[in-house]
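Here is a short report on one chain. Look at the sequence and the model before reading on.

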Amino acid sequence: ISYLMDVKGMNYYEAVKYVDKCIRDSPPVYHVNKCSKTNNGIFKLPPVSKDNKKMMYYLKNKRKIDKQVIQFYYQKGMIYECSYDHSVVFVGYDEKGIERYASKRATDGDWKVDVFNSNKEYSFQLVNKESDVLNIFESAIDLMSFQTLEKLHKRNWKKSNYLSLSGVTAIGKFLAINPQIKVLNLYLDNDKAGKNSIAKINYLLGKSYQIYDKGPKKMKDVNEVLIRKFKQKEEYS
């Protein structure tokens, strides 16, 4: 505020009177940020695009995720392209099949954000009641990348349970709804945040579950492992 420069040299009382006069003569204008709306606490999915071309290109070409894996989640209504910014929307459902959570990831940039009023207990996940194994990832991209790697190795990529973390609360909710789980495989990022999450999960759940750290040791995350695999394949072809 430019007029604050004029108070230099005044005593405290004079400065307060001067600033008060300036504010009364020229009241400040307040601007409301439209992004601050909370939708009255109601969770609502972003609008769906007429086609999913940008989503498909991003996931298949940039992230190297298998087309069959992409189509599987698209047909289940768990991923789609947002109409106004063409981001990929990842949807999480509760045990009754009602959408409770969604995150958006840019197809033309690096940003990612949770949709307003998302319930972080119901993040992107795939449930298999016949399996007692839960594979845990930091993002839906890593989850789908792992399934792509499983498919490349001719393994059943839907045989276990899969959970993308939107917070540690997501693990607690998943385990409460799926009491058959006995084993937790952690495929978290190879960074400080990932290591802290592993330590926290081991501390909270180590006495009740078999926990294994299976995340990448030389690369940042599972998606980077997948992309590197394709690059090596191209180099030797």
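The text below covers confidence, the sheet and the nonpolar cores.

**Confidence**

This is a predicted model. The mean pLDDT of the chain is 87. Of its residues, 82% reach 70 or more. Residues 1-7 have pLDDT below 50, and this stretch has 9 contacts in the model beyond near neighbours in sequence. Residues 26-37 also stay under 50. For residues 26-37 the model has 3 contacts beyond four places in sequence. Where pLDDT is low, the predicted coordinates should not be read in detail.

**The sheet**

An open sheet is built from 5 strands, with mixed pairing. Their order is E5-E7-E6-E8-E9. Strands E5 (125-126) and E9 (210-213) lie at the edges, and each pairs on one side only. Helix H5 (residues 168-177) packs on this sheet and touches E5, E6, E7 and strand E8 (183-187). The direction of H5 makes about 155° with that of E7.

| Pair | Direction | Bridges | A bridge pair |
|---|---|---|---|
| E6 and E7 | parallel | 4 bridges | Phe 137 with Ser 164 |
| E5 and E7 | antiparallel | 2 bridges | Leu 126 with Tyr 162 |

E6 spans residues 133-137, and E7 spans residues 161-164. How is the unit of E6, H4 and E7 handed? E6, helix H4 (residues 140-152) and E7 make a right-handed β-α-β unit.

Now the side chains of E7. Asn 161 and Leu 163 point one way from the strand. Tyr 162 and Ser 164 point the other way. Are these residues buried or exposed? All are buried.

**The nonpolar cores**

The largest nonpolar core has 27 residues. Leu 59, Tyr 73, Ile 79, Phe 90, Phe 124 and Met 144 have the most contacts inside it. Which elements give two or more residues to this core? They are helix H2 (53-62), helix H3 (67-75), strand E2 (88-93), H4 and helix H7 (222-236). H4 supplies the largest share, 6 residues.

Take Met 144 on its own. Not counting residues up to four places away in sequence, Met 144 touches Leu 59, Ile 65, Val 69, Ile 70, Tyr 73, Ile 79, Phe 90 and Phe 124.

A second, separate core has 16 residues. Among them are Phe 174, Leu 175, Leu 184 and Leu 188.

Definitions and conventions. Residues numbered from 1 in each chain as written. Predicted model: local features only at pLDDT ≥ 70, side-chain atom pairs only at ≥ 80, totals over all residues. Heavy atoms only, no water. pLDDT = per-residue confidence, 0-100. Contact = heavy atoms within 4.5 Å. Pairing = 2+ DSSP bridges. Axes fitted to C-alpha atoms, helices over the stretch in contact; angles between N-to-C directions. Buried < 20%, exposed > 50% of the residue type's maximum accessible area, 1.4 Å probe, protein only. Right-handed = clockwise from strand over helix to strand, strands pointing away. Core = buried A, V, L, I, M, F, W, Y, C linked by side-chain atoms within 4.5 Å.
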